[in-house]
Amino acid sequence: MSAAALLLALTSCGISPTDVQDRGEAPTVRIPPPTKTIYLVRDGKLTREPADVEDDTVDSVLGALFDASSKPLGDRDTALRGFTYLRTRNSINPPQRDEIQLPRTSTLTVYISGDGTLTKLGKAQIVCTAQQDAAFEVVKIVRENEGRPSVDEGRHTCGELK
């Protein structure tokens with residue numbers, strides 16, 4: 001088929017060629033951030049509340065817990081006002097006694113800063129939020145303030161603080 005015949009065949013279908021035209025933005029999918037649970041306070045007791053987090057890590061969930069202090073909470077509250085979340089450290093320790101290896105225990109150390117008293121309810125918010133990840137058997141809280149020695153706020157489980 002000659003080029004002239006091909007051109008005639010293409011133009012005989014009734015569709016005329018056009019230049020490229022911009023029709024707007026390409027379709028995209030926006031995935032919302034995951035939702036996890038944090039512990040806030042309602043009527044003096046712990047209450048589980050949904051929170052949008054950046055990812056599924058315990059650091060992201062604890063960050064959301066402390067960020068709640070700066071947001072309107074309606075009928076909920078937090079005992080963590082004046083405290084700042086710094087970081088965590090996870091230690092998996094298989095202790096040995098008389099050359100017998102005991103089951104592994106995982107301690108999550110949560111580092112915070114701030115002045116004032118960290119109440120039992122504040123500790124419960126931190127520990128219960130962190131222990132939603134079943135890998136952490138114990139949560140240790142350490143307060144670090146610049147220019148002062150660290151303060152160990154103890155090793156806790158959610159069950160003992162509720």
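**Nonpolar core and ring contacts**

Leaving aside residues up to four places away in sequence, L65 touches I38, Y39, L40, L80, Q125, I126 and T129, where contact means heavy atoms within 4.5 Å. The structure is a predicted model, in which local features need pLDDT of at least 70 and side-chain atom pairs count only at pLDDT 80 or more, while totals for chains, interfaces and linings use all residues. Residues are numbered from 1 along each chain as its sequence is written, and side-chain values use heavy atoms, with hydrogens and water left out.

L65 is also one of the residues with the most contacts inside the largest nonpolar core, which has 30 residues; such a core is a set of buried Ala, Val, Leu, Ile, Met, Phe, Trp, Tyr and Cys residues joined through side-chain atoms within 4.5 Å. Two or more core residues come from each of β1 (35-42), α2 (58-67), β3 (83-93), β6 (105-114), α3 (120-130), β7 (138-143) and α4 (158-161), and α2 gives the largest share, six residues. Helices (H or I, at least four residues) and strands (E, at least two) are DSSP runs, numbered from the N terminus.

Strand β6 also holds G114, which counts as buried because its relative accessibility is 10% (buried means under 20% relative accessible area, exposed over 50%, partly exposed in between, with a 1.4 Å probe and protein chains only). G114 and F83 are 31 residues apart in sequence, yet their C-alpha atoms are 4.4 Å apart in space.

The charged end of R87 sits over the ring of Y111, 4.2 Å from its centre; this description requires NZ of Lys or CZ of Arg within 6 Å of the ring centre and within 35 degrees of the ring normal.
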